[in-house]
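Here's a quick look at a ligand site and some helix packing. Have the viewer open while you read.

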Amino acid sequence: MANANDVAGGATGPVIATLKERADGETRVALSPETAKKLIALGATVRVESGAGLNAAITDEAYREAGAQVGDLAATIAGADWVFGVQAPDVALLSGAKAGARVAAVFDPFRDRALTDAYAAAGYEALAMELMPRITRAQSMDVLSSQSNLSGYKAVIASANTYGRAFPMMMTAAGTVQAARVFVMGVGVAGLQAIATAKRLGAQVSATDVRSATKEQIKSLGAKPIFVEKVAGIEGEGSGGYATEMSDEYKAAQAELVSSHIAKQDIVITTALIPGRAAPRLITDTQIATMKPGSVIFDLAVAQGGNVEGSVPDQTVEKHGVKIIGFSNTPAHLAADASALFARNLFNFVSAFWDKEAGGPVLDEEIGNAIRLTQGGKIVHERLLG
Ligand code: NAD
């Protein structure tokens, strides 16, 4: 006989399915027991593929206790109206979902166009969570922010672990240990958390960005701002808070500033990104050569092309006695917290649009058009059409 917590238990309300992530090194999951419970309270039927949460320390049993139905892939996807993912699943995995089913996940359409094209061809509605607009009401749905914050923390912890010295100053009977000097380049969500974490560990912290608005934020965390003064950077917050490509004049001034500062640093954390483009190069091999042997550079942008010359994802590269590290998927190194926050972002997204009469989420234009890549068998996102 069917147990209510088996997939065969039937469906009321829209079916929301969460699959096991299949990308290499992906440890996160897009549903937590907490969000499963909340989705069910809204009226959804929540299904999850068996084993989907194991890498994030969530058992099938924990999902069942929350009221979700746990089953194999075919049973989980059968008749799904919505599919939740961290990284968007291959189209082949969606076979059996309802025609036009909506998939909310990270699609990376500007780097992986083939996946989006396949979604269009199969008639699914791809909703790219990383394109969530940076407006106040969407803050709680912003997966880039929730994951970057954890990445900034992890970059400091991994650097501290690789560094052959201590972070805080220690006065001991055997002598004094000097505080580590940490320089954070790029002060967005990840950079701010990196500054805060390095401060908590007792380091002397300095930081830089192209956006002048970050100067006050750096100071408020007790760190020292290091800024290009002779060429104007980006005043205010920039477009949606994001940076753009800088002029050659600015880049030259920045390189000069960085060269003189970096030679005195023990740890450098780089986090600079420009949406839709390769990461800007911030540190050259010549600059690395000026650093002290034993120093550590963590390149948080390594998977987007890298801020640091010579960095390789998931490898420790040693150049001029300096260790250069960086992960291809930093939040995956904090799977439990990263999953809990990612799952909450997805819940906040669908619950904000939940329409009782329609029996599920109905997106509005501002957010719907910003994140919808495909619909009705076509590519519909304006940045993919041009
Ligand atoms: P990001 O990941 O795109 O980039 C990281 C940082 O790198 C940014 O601060 C950027 O200015 C900086 N950078 C780019 N090129 C650089 C260069 N050549 N040299 C030095 N630094 C460089 O940025 P992010 O973390 O996503 O956040 C950017 C801003 O958006 C922040 O101010 C954040 O507070 C804001 N934000 C707003 C919302 C919202 O309102 N909903 C949500 C998230 C973030």
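How far does a polar side-chain atom of Gln139 lie from an oxygen atom of the ligand? The distance is 3.4 Å, which falls inside the cut-off for a polar contact (a pair of N or O atoms within 3.5 Å). As for the ground rules, this is a predicted model, where local features need pLDDT of at least 70, side-chain atom pairs count only at pLDDT 80 or more, and totals for chains, interfaces and linings use all residues. Residues are numbered from 1 along each chain as its sequence is written, and side-chain values use heavy atoms, with hydrogens and water left out.

| Residue | Atom on the protein side | Distance to a ligand oxygen |
|---|---|---|
| Val189 | backbone N or O | 2.7 Å |
| Arg134 | polar side-chain atom | 2.8 Å |
| Gln139 | polar side-chain atom | 3.4 Å |

On its own the ligand has 840 Å² of accessible area, and the protein covers 88% of that (Shrake-Rupley method, 1.4 Å probe). The shell holds 22 residues, and Arg134, Ser145, Val189, Asp209 and Arg211 are the closest (a residue counts if one of its heavy atoms lies within 4 Å). By type, the shell splits into 10 nonpolar, seven polar and five charged residues, with Gly counted as polar.

Now for the helices (DSSP runs of H or I, at least four residues). Helix 1 (residues 33–42) packs on helix 10 (residues 335–352) at about 15 degrees, with the axes 9 Å apart. That makes the two roughly parallel (angles under 35 degrees). Helix 5 (residues 143–162) crosses helix 10 at roughly 165 degrees, and their axes come within 9 Å. Helix 5 and helix 10 are therefore roughly antiparallel (over 145 degrees).

How values were computed: A polar contact is a pair of N or O atoms within 3.5 Å; within protein, one must be able to donate a hydrogen and the other to accept it, and residues adjacent in sequence count only if both atoms are side-chain atoms. Axes are lines fitted to C-alpha atoms, for helices over the stretch in contact, and angles run from 0 to 180 degrees between N-to-C directions. Angles under 35 degrees count as roughly parallel, over 145 as roughly antiparallel, 65 to 115 as roughly perpendicular and the rest as oblique.
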